[in-house]
Amino acid sequence: MDGKFIQDSHKTLADLLWRLNYISDVKGEKNWGGIDEIHKDIQQIQNYFFDIPDEKLIESILVLEHRVKLVEDRVYETLKPLDFVRITRSPQRFTTIDILENVYDSYTELGGEADCNVDPAIVAARATISRKIKGKTYRHQVMVIGHEKGSGEEYRNGGSAKPWGNEKALRFMKVAEREGIPVHSFIFTPGAFPIEDYPGAAQQIARNIFEMCKLSVPIVSFISEGGSGGAEAIGVSDIRLMASYGYYSVISPEGAAAIEGKIREGQKVPHELVEMCANSLNITADKNLKLGTIDRIVEEPRLGARKENFEFYKRLRFEMISATDEIILRTKNLKLFRSYILEMNEKREKGLPDDFDIQINWDLSDWESRKLLNLRSKKYRDIGSKFFTEKKGGLINAFKIFKDRATEGYYGIKYGLIRPNQRNIQRVIDDVAEEGSVILKTVAGKALTSIEKPVPHKESKAEEKSVFLSDWEGYFSPLVNEDGAVTCPNAQKYGCVDQWIPDLYGEFSGVCPTCGHHFPLEYHWYIKNLFDKGSIHEFNGNLSSINTLGFPGIDDKLNKAFKDTGLRSSMITFDATVEGIKVIVVMSVSDFRNGTVGACEGEKFVRACDRANVSRRPLLAYIHTTGGIRIHEGTVGVAQMPKCTMAVREYIDNGGLYIVVYDNNSFAGPVASFLGCSPYQFAIRSSKIGFAGPRVIRETTGQDIPPHYHGAKNALKRGHIQGIWDRRQFRKNLYDALITMGGPNLYYK
Amino acid sequence: MSKEKVLIANRGEIAIRIMQACNHLGIDFVCVYTRNDEKSLHVSLARQKGEKNVLRISSYTDPNEIFSVADYTGCTAIHPGYGFFSENFRFARRAELRTAPLIFIGPRWEVIRDLGSKINTKHIAKSLNIPVIPGSDSPIYSEEEAEQIAIELFCLQKQAGIEIPSILIKASAGGGGMGIEEVNNLDTFRRAYRRIQNYARRQFGDEGVLIEQCVSDYHHLEVQILCSQHHEIVHFGTRNCTIQSAGRQKRVEIAPGFDPDIFEYTFDAREVLNKIVNYSIKLAKHVNYDSVGTWEWIITRDGNPYLMEVNTRIQVENEISARISRIKGHNPYPNLIKEQIRVAFGDRLGYTQDDITFEGTSIELRIVAEDTQRNFRPWVGKITRFEMPDFPFSRVYTHVPGDKSYKIPAEFDPNLALAIIWGKDTEEAKSHSKKFLENVNIEGEDGIFVNNPYLYKKIDEVLRF
């Protein structure tokens, strides 16, 4: 028996054992399909390795190989979506470090090494990626950012990034932007680590998405395990690839099942329910491709690529390079781009090419960067556009749509063309007036008054309202119709006297007069009390939520919500005025599916941003409650995070004023994106803001949270919000904010 | 009227006076007390009527408890007395709007609310051309606006020749001296303004602030008004309450408001008194007032009257106005608490202003356990001897028992007694008052402080500008 043979056989046997382990990883069962038996047999042979004659050994190994392969065949045949989740979580799967070693050529890890790291769950590295053209090697510089699950190392935290890990990612993305090199991001995360620290999880993810929306270098992302918000934190990209055995989901199937089945903490979630959720959430690569939340699938070997699948790394290199090429070419000549795409597709179908035909420079000119950002914006704005209905039938609807369009056109002309010119004239006048010529000053003075449109002043309205006479006669909550008393939750602490319900919900606006505790009020209260009487005009009310994924039972739930609330989605968008200042308002209400955000809500938000943009009005997002992304819309829901952030970022960049006010409970996706990115965020007293609720925190981190962890005060401490507002002062504070904050392009500035 | 039953939601001498009024009217009543008030005379007097009519509660200020007592004892009305709930429109509103409504003995809650706010009163008064102290007449919410008003007020005073101009910043929703700050220097205005604004926001949940000229040399006059629910309005003349403690607590009150027969005034006192009475009636008519109430006025040295506020309740000193009034066909002088209860149940007055005549002068002396030498510091301790003289010209209201020792509860003001003195003219009333005070005998444990020497001294100052 020569040494080589022994060595090879040893290896083969060890490899077979790994394959068996992998099978139990994938199926989540130790003895799936009787692999224990095979396992025993392999060990038997290993134990008596030198006692077995060579021929017998060869034969036995062949048989064992065959047996393993048969089981693998069966695994493949019975693959269920839930198995994809387990594949991505197997310690044998490739990780970011493997990619850095095998796909890229020479890399330098930035911001820490192994456990000596700000956050070992995130890896950032400067790397080169090379392509061969006719035998010659060309190198590209890239910034690689990815989650590192590690191969069992505890400190990697399973790729669950802490807020400061995401901050590190963002920091190096900005380095890439400064240096003009593309960003390649690799997503291997079950979700972000849900802590409210300095900063909080949601706060940092929102910052990341906000910045990535306009990061002026190409971004290619690749998803193996895409767990909701954690994935988005580094996942906003021009082209998003996904591993064919990866999964990308709004929530883990277990989490979804716990919510769906209303399973209490500590109780076991039924396996069937988890399976059902995994199936319904559309978490696999082909389903996501169909939904439009990813752009392309990177084929893996059967049952998924493992650390040793070098062929896969080759493919990944090809895909990363061609995706980056594609992004670059889109910003350039269209013809060139088309022929290149065709060629690449052909190559992809034929098998892996060794060579590229052309060398493409990955630098972008300013103009090209702008085009890149426009294309990115368009890409995100289109996501999920199929997943809501827009009623166009009927005269009233037609009229509404016509009105929406007409106002857009009107403001487009009024503010897009006329106002900037006026502004310029005024600037010139100001400059000239500064010169000090007396004559010019008088002339300029006159011109100024004719152009200037000052902020509508409060005084004009002061006459008609008496603070004391109007309060009881205005709107009051239907909650008042009860002759009883309510005990304040802080009664023990502050000795609050029980309040008579009509007083509390009427005149006191639901605020305990002793300690200032805010009892929840229905959203109508805000509609009636926050804005000028008769100034509210809803738009896009004809957009309706649908059962995007065909999730079982959701149709009924949606219909019930339509009937109970009279709303078509959890977001109401309307025009209103506050002391004469016209504002666009987005209101997320708890009554409809707990204020969750799906494709319809996302679209309404984006349209509201655009409306605010063309009419140059301030945009107010009042969050009565949001329970996060609607899980029944899967990754389409998740994609609303970058989509809405993109729209609102463009609005902010154009010099608008985006104010977010949180009330009651605001959690998860929306807070971690289009709400959390606002420079002006406020919270109503006694409200809660955060990323994940106490239960999720307990389940994922194993820690119990301190009291008031999600309270507004804590959010203020963390710098997430800029202030806490008293409900009774809301209107005044809002008016002050409208006057004192915001960019230069508001219509009244 | 006998089916009615009144819950007396107050303590001390006012509770006793309400009890007496109820007895006169033949109305049943229920009395409440707290643990510390167990020894109070109002409790033992109520017990004489029946043990069932006296209930112990944990606090006079918890509406939930008061209402549940009312329901439990089957009361049909609540008399708030003064202080506590008397000017709390929410309490009155709750009494009226709850499932088992109760008659609130006082004005309609809307009136309490609208006149309970100084700023709103000022606003209404201004619209009726009733003079008010110069300043803002609606709450101010912005610093620039406030500063502008402050500057105007300073200029106004400078023009009027006032050497040290001064303005007051008040929390619009405040009252009783809380949330008021005086500013003599414009530079310090903003800081004071912010302080009051913050205080108002914290204390009242409304940061509205009001700014007015600080009037320092004035007399404090009051007009006693009584209205029924049938649009009848009468007044019981004026009172002068200028003699006050350091904390602006009244100590000596006298009716009528001025006496031009005896004292010299730089202005026509009769005309000023007429003016404030007529203005008060005008406002009462405008808001459709329907109970007893007091209109408080400031009269400056040059005889300018300014309406300060309206007290929508019975006042401590109500009886001196009643004492100098005679109603044709009624004997002896009226009892305003009785009248208040009567009109609350919907009675007509049964007389008009023409039936009311005035006779003599009446003085009220408030005997309080306090150290007048040391900033009117309240004294708390045990009273061992408490003797009030009994003259035909005097009447005393007290909750302090005369036959046993009494411990003053620490959580309330140490008011001991009210003495109502009458004389056929001001001089006689003054000498009667002195005679009364000379015969007061109060002793207590370790160095008791009572304010009768102070009152004695102040009697010479009344009505004099």
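1. Let's start where the two chains meet. In this predicted model, 18 residues of chain B are in contact with 16 residues of chain A (two residues are in contact if their C-beta atoms, placed from the backbone, lie within 7 Å). On the chain B side, the elements that give two or more residues are α3 (63-73), α4 (89-97), α5 (109-116) and α6 (118-127) of chain B. Of these, α4(B) gives the most, with three residues. Sorted by class, this side of chain B has four nonpolar, eight polar and six charged residues. Here Ala, Val, Leu, Ile, Met, Phe, Trp, Tyr, Cys and Pro count as nonpolar, Asp, Glu, Lys and Arg as charged, and the others, Gly among them, as polar.

2. A word on reading the labels. Residues are numbered from 1 along each chain as its sequence is written, and chains are lettered from A and ligands numbered from 1 in the order in which they are written. Because the model is predicted, local features need pLDDT of at least 70 and side-chain atom pairs count only at pLDDT 80 or more, while totals for chains, interfaces and linings use all residues. Helices (H or I, at least four residues) and strands (E, at least two) are DSSP runs, numbered from the N terminus.

3. How confident is the predictor in chain A? The mean pLDDT of chain A is 87, and 90% of its residues reach 70 or more; pLDDT is the predictor's confidence in each residue, from 0 to 100. Please take care with residues 435-472 of chain A, where the pLDDT is below 50. Beyond near neighbours in sequence, this stretch has 35 contacts in the model. Where pLDDT is low, the predicted coordinates should not be read in detail.

4. Next, the domains of chain A, with bounds from an automatic or database domain assignment. Chain A is divided into domain 1 (3-78), domain 2 (88-382) and domain 3 (521-740). The centres of domain 1 and domain 2 of chain A, taken over C-alpha atoms, are separated by 34 Å. Their contact takes seven residues from domain 1 and four residues from domain 2 of chain A. On the domain 1 side, α1 (3-27) and α3 (54-77) of chain A are the elements that give two or more residues, and α1(A) gives the most, with four residues. That side has five nonpolar, no polar and two charged residues.

5. Chain A also holds an open sheet of seven strands with mixed pairing, in the order β1-β4-β5-β6-β7-β8-β9 (two strands pair if DSSP finds at least two bridges between them). Which strands stand at the edges? They are β1 (107-110) and β9 (296-298) of chain A, each with a single partner strand, so one side of each is left without a neighbour in the sheet. From one strand to the next, the twist averages 25 degrees. Within the sheet, β6 (183-189) and β7 (219-227) of chain A pair in the parallel sense over seven bridges; Val183(A), for instance, has Ile219(A) as its bridge partner. Helix α12 (310-330) of chain A packs on the sheet, touching β4 (122-133), β6, β7, β8 (239-249) and β9 of chain A. The direction of α12(A) makes about 145 degrees with that of β8(A).

6. For chain B, the assignment gives domain 1 (5-105), domain 2 (134-213) and domain 3 (218-461). The centres of domain 2 and domain 3 of chain B, over C-alpha atoms, are separated by 31 Å.

7. Look now at two helices of chain B. The axes of α1 (12-25) and α2 (41-49) of chain B come within 8 Å and cross at roughly 25 degrees; axes are lines fitted to C-alpha atoms, for helices over the stretch in contact, and angles run from 0 to 180 degrees between N-to-C directions. That makes α1(B) roughly parallel to α2(B) (angles under 35 degrees count as roughly parallel, over 145 as roughly antiparallel, 65 to 115 as roughly perpendicular and the rest as oblique). Gly12(B), Ala15(B), Ile16(B) and Met19(B) of α1(B) meet Leu41(B), His42(B), Leu45(B) and Ala46(B) of α2(B).

8. Finally, some backbone details. A cis peptide bond joins Tyr198(A) and Pro199(A), with omega about 5 degrees, and Pro199(A) is in the loop between β6 and α7 (201-213) of chain A. In chain B, the peptide bond from Ala255(B) to Pro256(B) is cis, with omega near 0 degrees.
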